[in-house]
Amino acid sequence: MADEVVEPVPTWTSTPVQIAAGAPAATPDAPVDLPSGDPSFEEWNDLEPQSWWRASQPYSCTPSPNPASPWVGAGLLDLGGSDPLSLIRYYGNGSYLRYGHMGFIGCTPMVRYPDRTHLDPPADPTYYSLGDLEIWVDIARVPTDAEGWFMDDGTRIAMSLEEAVALLNAHVAPYYRQMSEGALRITFRGGFDFQVAGNGTVQAVEEQWLGLVVEPGCCDLGQPGGLNRLLFNDVANDSGGDAYNGFAHLGLVSLREANMETIVHEIGHGWMGWPHSYTELLWEPVLGDELEPPNPYSNPFDMMSALRIGVPVLGWRQDLPPTLAVNRYSAGWVAPEAVALHLSDNGVYRLSPPLVSGHQFLVVHSGRPYAFTTLEVLPARPLDYVDEWPQAYDASVPGQRRPVRYEGVLVSRYDQTTGTGVNARLGPALYNPANETFLHDVGWGRDDYSLIGDGERREIGSGVTVAVSRMDDGSYEVEVRGGKVAEFKPWCIPIWFSAEYDTGCLLAPMSQ
C-alpha cells in the first residue's frame, strides 16, 4: 500500500524469551548423542541417566494414565493434562523433569514451601494463583548518569516505597481479586529501597538486588523465581517490564503514569505462569521488507499480549479486560463445570461472557496430545481500548478496510507440545486467507478473522465448522459441526539450545 504508515515495532512490555536460530556449538558439558526428530516426552524419560544431567529426585513429566479422562471416554487421545479435564500440563517449561528438572524456570514460593528450591517442581499446580499471596516490592535508585537504559535522559521519579506499595494495593490487588472472582487475594508489602552503586547498568541493578533478596546457596541461576517480589526502578523513561517465574521488574514510570496493563501483564507471566498470546506467524513490520519473528504483542483481545498495539492505555483501570478463559482456568479460577467439551461429531453449546455464570469456554480436540482449540465470548470492550480507524481487511466494504471488531466468539489455539506455563503457545487460531497482506496485518494486530461475529460461520480445521448466534443476555449459542477433531500443526518445534534447557520453540513460518 502506497500510503502505508511506518510504525515502530511495539516494545513497551518486552518480556525476555530464549530464542535460538539453530543448535549452538558443542561445549564440554553438552550432550553429543541426542534422539533425532521430534522426541516424545516418553522417549526423553526413558533415556538412561547421562553424566551431564543434574542429580535430582526422579520426577517425571510423563503423565499418569487417567482412566477418567473425558477425551478417552469419547474415543479420543487423552490430552495429557494434570487437571480434571486433562487440559493443562503443569511442569515448568521443559519437556522432561526426570533428571535435573532441565527447562524448569524458577522455584516454588519459599514462603509457602520452605523445603523447596529452584530445582524442585511445583508442590501444586496453582501454587501462586489461589488463596492469599504476599508480594514484596523493591525499588532500585539508579544513578542519573547510568548507562544502557532505554531513552534515559537522566530524569528520575521521586516516589517513596510506601507510595508505590499503596498504589499497588489500591489498584492492582483489587483487579486480580476481581478477575479471579475472589480466588486470589494479593497483598503488596514494602521491601528494599536501595541506591545502585557503580555505573548503574541494568545488570548492576539486578546483581545488587539479588545480593539483597536471595538466600546464599539457594536461587543462584540468574532466574530465581519463587521470591514473590516486584522490582521497580526510578528511571523516568524506562516504561517496560519483564518477568520470570515468581518475580517481575518494571520501570517506575509504570506507576507514575499508571501503566497498569504492563504491571498486571508481567504479574501474569511471573506468578500465574501465563504465556504471551499471539498468532505464531512470521510477520512483515513494513510491507515489502524481510519477515521477522512473530510479534508477541499482536493480539488486541488479551492483556497477555497488548490490548492497544504499541500504545498502552494509561490509568488505574479496573475495567481492564480479563485475560483469556484458558489462562483463568489454568490458574484455578474457572471450575471444570464451567468448561464445555466437544465430545461428539456435532454439538450446540451456550457460552457466557467472562465472569458471568455459565460455560466460560469450549474446548475442541486437536487430534494429538497437549494441544486444543478454545472458543470463548469476549468481554464488553471499554471505549478507551477500541481502535476506530479502518485497519482490518474486509472485501465486502468500500476500500476493503474497516475497524477491528471486538464482539463475538474468539477462536484460539493452546499448544503445550514443547513447553508449558509461560512457554505454552496461545493465540488467535485463524487469519483471513483472502488478505494478501496478512503477514503484515496479523503482526500488527489488525486481523480479527479469529473472532466470529453474530450470525457468522468459520471452519476451524479438518472440516469442522463453527456458527455462532448472540442471545439477548449477551451469551452466545455456538454450533459445532463436522467431527470431534479440528487439527492444527504444532506452533513450535523442539530444538536443542543449551545443556541447561532441553527444549524450546523455534519460531518458524506457519503455513496454516
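This is a predicted model: local features need pLDDT of at least 70, side-chain atom pairs count only at pLDDT 80 or more; totals for chains, interfaces and linings use all residues.
**Strands and cavities, question by question**

Visitor: What makes strand 7 and strand 17 count as paired?

Guide: Two strands pair if there are at least two bridges between them. Strand 7 and strand 17 (residues 476-481) have 5 bridges, in the antiparallel sense, so they meet the definition of a pair.

Visitor: Which sheet do they belong to, and what is the order of its strands?

Guide: They are part of an open sheet of 4 strands, in the order 7-17-16-15 and with antiparallel pairing.

Visitor: Why do strand 7 and strand 15 stand at the edges?

Guide: Strand 7 (347-351) and strand 15 (457-461) each have a single partner strand, so one side of each has no neighbour in the sheet. Ignoring direction, neighbouring strands here are turned by 25 degrees against each other on average.

Visitor: Now the cavities: how many of 30 Å³ or more are there?

Guide: The structure holds 4 of them.

Visitor: What makes a residue part of the lining of the second largest cavity, and which residues are they?

Guide: A lining residue has an atom within 4 Å of a cavity point. Phe301, Pro321, Leu378, Pro379, Arg381 and Tyr406 line this cavity.

Visitor: How do you know which class Tyr406 and Arg381 belong to?

Guide: Tyr counts as nonpolar and Arg as charged. The lining divides into 5 nonpolar, no polar and 1 charged, so Arg381 is the charged one.

How values were computed. Residues are numbered from 1 along each chain as its sequence is written. Side-chain values use heavy atoms; hydrogens and water are left out. On a 1 Å grid over the protein atoms alone, a cavity is a set of points where a 1.4 Å probe fits but cannot get out, and a pocket is an open set with protein on both sides within 12 Å along at least five of seven lines; lining residues have an atom within 4 Å of a point. Grid points are joined across faces, edges and corners, and a volume is the space filled by probe spheres set on the points. Helices (H or I, at least four residues) and strands (E, at least two) are DSSP runs, numbered from the N terminus. Axes are lines fitted to C-alpha atoms, for helices over the stretch in contact, and angles run from 0 to 180 degrees between N-to-C directions.
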